[in-house]
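Biologist: I'd like to learn how to read a model like this one. Could you walk me through it, feature by feature?

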Amino acid sequence: MLSFLEKARKKPTTMNRTMISLIMAFLAILWLVFSGIQDASLFFYFPTEVEQSITSDEMEQDARIRIGGFVQPDSISVEDEIIFFVLTDDERGVVRVRYEGILPDMFAEGQGAVAEGIFPSEVDSGHFFADEWIFYADDIFVKHGEEYSKEHLDKTEMKKRFGSGIPSGTLE
Amino acid sequence: MRKNFPLWLALMIFVNFAIFYWSPPDLAQGMGKRVFMLYLHVPFAWNSFLTTVFAALTSCLYLWKKESEWERISRSLIEVGTVSAFLTLMTGSIWGKMTWGTWWVWDARLTTMLILFLILCAYLIVRDVYGNNPEGQRVGSIISIIAALNVPLVHLSVNYWRTLHQGSTIFRQEGPPKIDGDMFMILLACFGIVIYWSFCCIKSRLLKVENE
């Protein structure tokens, strides 16, 4: 045991040094990956979580976040080239999204989508839900499911799944 | 590869036929998207995992037995794995542009896959810089083992972290694979071809080294 240590001390070969730097590099990668569990690794929040943090007054305004869920059927409306839609999830959480720009081709009702943007602290009152929390998105990603099937969820089935999640009369 | 040209041609015709005529239509995705995702991206991703893990095994054998034959196999495996990882990232990026609407996002799956690719590149650089001496071979072996440790991280990233990338379709933690049977068969055929391509590459590489 001691002789091994002595040998290591006497001969700090390039091999040893390389090994140590390799192990350090690997540990650094591991640390980078696992230290990000809290924020960066959570690519998006579900609408339910966003709703909860709004009601418990924890939602930070003007902070860039991503919200991901399903596009609520019949919720897409366009007004002066501004697109409004509702993101919902399995727990029926609801977030209203406002987006100005070009939507990805695959964007559709019932499709998974992730919106990146902010809840602005100052909302221009010209819009019809100025008193509500509206998510101002500047980037939309379509989320694709892991299912590869011949069948396709039709609109009535989507309504059955997500239809009652939205309070009535909020979007026309 | 040249010797097996008829076999290659037959495989190509079969797979093209399978993808474009036999594969059932998936309404959620167009033809081009499906080809990129299921029949190119997935086989290359699996191949990069497989070659990396096997390279780590042969590297362990090299470190244990000190026979440079193992190391030679390990290096050719990593070479194929690096190309596969690159193609995985490329096809995934093209598919991402078509489906997600972006070439790249920094979510857990994409980031861990990029790390795997960079580790594999590091291996090739180290092996090239050191040359064919025992020291370079040992350092390379260690790097290939580190790369293999990263493989489960890449695979499980979609389960542990919330990502834009979809979850596992075939190797799910619970429940049966979420894939249509015919599509799965074609996916397996494509994977088989990629495996065969790997074998050809490794074989020709080993022969080349032997002749030198």
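Biologist: Let me start with a single residue. Leaving out residues up to four places away in sequence, which residues does B:Ser74 touch?

Modeller: Good place to begin, and keep in mind that this is a predicted model. Once residues up to four places away in sequence are set aside, B:Ser74 touches B:Ala55, B:Thr58, B:Ser59, B:Tyr123 and B:Ser144. B:Ser74 itself belongs to helix 3 of chain B.

Biologist: Is B:Ser74 buried or exposed?

Modeller: B:Ser74 is buried, because its relative accessibility is 1% and the cut-off for buried is under 20%. For a sense of how the chain folds back, take B:Thr51: it is 23 residues from B:Ser74 in sequence, yet their C-alpha atoms are 8.7 Å apart in space.

Biologist: Now the helices. How should I describe two that pack together?

Modeller: Two packed helices are described by the angle between their axes and the distance between the axes. Here, helix 3 (residues 68–99) and helix 4 (residues 108–130) of chain B pack at about 140°, and their axes are 9 Å apart. That angle makes helix 3 of chain B oblique to helix 4 of chain B. The crossing of these two helices is left-handed.

Biologist: Which residues make the contact between helix 3 of chain B and helix 4 of chain B?

Modeller: From helix 3 of chain B, the contributors include B:Ser74, B:Ile78, B:Ala85, B:Phe86 and B:Leu89. From helix 4 of chain B, they include B:Met113, B:Phe117, B:Leu120, B:Tyr123 and B:Arg127. Sorted by class, this contact has eleven nonpolar, four polar and five charged residues.

Biologist: And at what angle does helix 3 of chain B pack with helix 5 of chain B?

Modeller: Helix 3 and helix 5 (residues 134–160) of chain B pack at about 50°, with 11 Å between their axes. Helix 3 of chain B and helix 5 of chain B are therefore oblique to each other, and they pass in a left-handed crossing. The contact is made by B:Ser68, B:Glu71, B:Ser74 and B:Ile78 on helix 3 of chain B, and by B:Gln137, B:Ser141 and B:Ser144 on helix 5 of chain B. By class, that is one nonpolar, five polar and one charged residues.

Biologist: What about helix 4 of chain B and helix 5 of chain B: how do their axes cross?

Modeller: Their axes come within 9 Å and cross at roughly 170°. Helix 4 of chain B and helix 5 of chain B are therefore roughly antiparallel to each other. Their contact has 18 nonpolar, nine polar and three charged residues.

Biologist: Let me try another serine. Where does B:Ser93 lie?

Modeller: B:Ser93 is in helix 3 of chain B. At 15% relative accessibility, B:Ser93 counts as buried. Leaving aside neighbours within four places in sequence, B:Ser93 is in contact with B:Thr102 and B:Trp103.

Biologist: Which residues touch the most other members of the largest nonpolar core?

Modeller: That core has 46 residues, and B:Leu38, B:Tyr39, B:Met113, B:Leu116, B:Ile143 and B:Leu187 touch the most other members. At least two core residues each come from helix 2 (14–35) of chain A and from helices 1 to 6 of chain B. Helix 6 of chain B gives the largest share, ten residues. Look at B:Leu187: beyond four places in sequence, it touches B:Leu38, B:Tyr39, B:Val42, B:Pro43, B:Trp46, B:Ile170 and B:Ile179. A second, separate core of 21 residues includes A:Met59, A:Phe85, A:Ala137 and A:Ile140.

Biologist: Finally, the whole chains. How many helices and strands are in chain A?

Modeller: Chain A has four helices and six strands, in the order α-α-α-β-β-β-β-β-β-α along the sequence. Of its 172 residues, 40% are buried.

Biologist: And what does the secondary structure of chain B come to?

Modeller: Chain B has six helices and zero strands. Of the 212 residues in chain B, 50% are buried. Among contacts in chain B with a separation of 6 or more, 73% are between residues 24 or more positions apart; for chain A, that share is 64%.

Technical notes. Residues numbered from 1 in each chain as written. Chains lettered and ligands numbered in written order. Predicted model: local features only at pLDDT ≥ 70, side-chain atom pairs only at ≥ 80, totals over all residues. Heavy atoms only, no water. Axes fitted to C-alpha atoms, helices over the stretch in contact; angles between N-to-C directions. Parallel < 35°, antiparallel > 145°, perpendicular 65-115°, else oblique. Left-handed = near helix turned anticlockwise from the far one by under 90°. Contact = heavy atoms within 4.5 Å. Nonpolar A, V, L, I, M, F, W, Y, C, P; charged D, E, K, R; others polar. Buried < 20%, exposed > 50% of the residue type's maximum accessible area, 1.4 Å probe, protein only. Core = buried A, V, L, I, M, F, W, Y, C linked by side-chain atoms within 4.5 Å.
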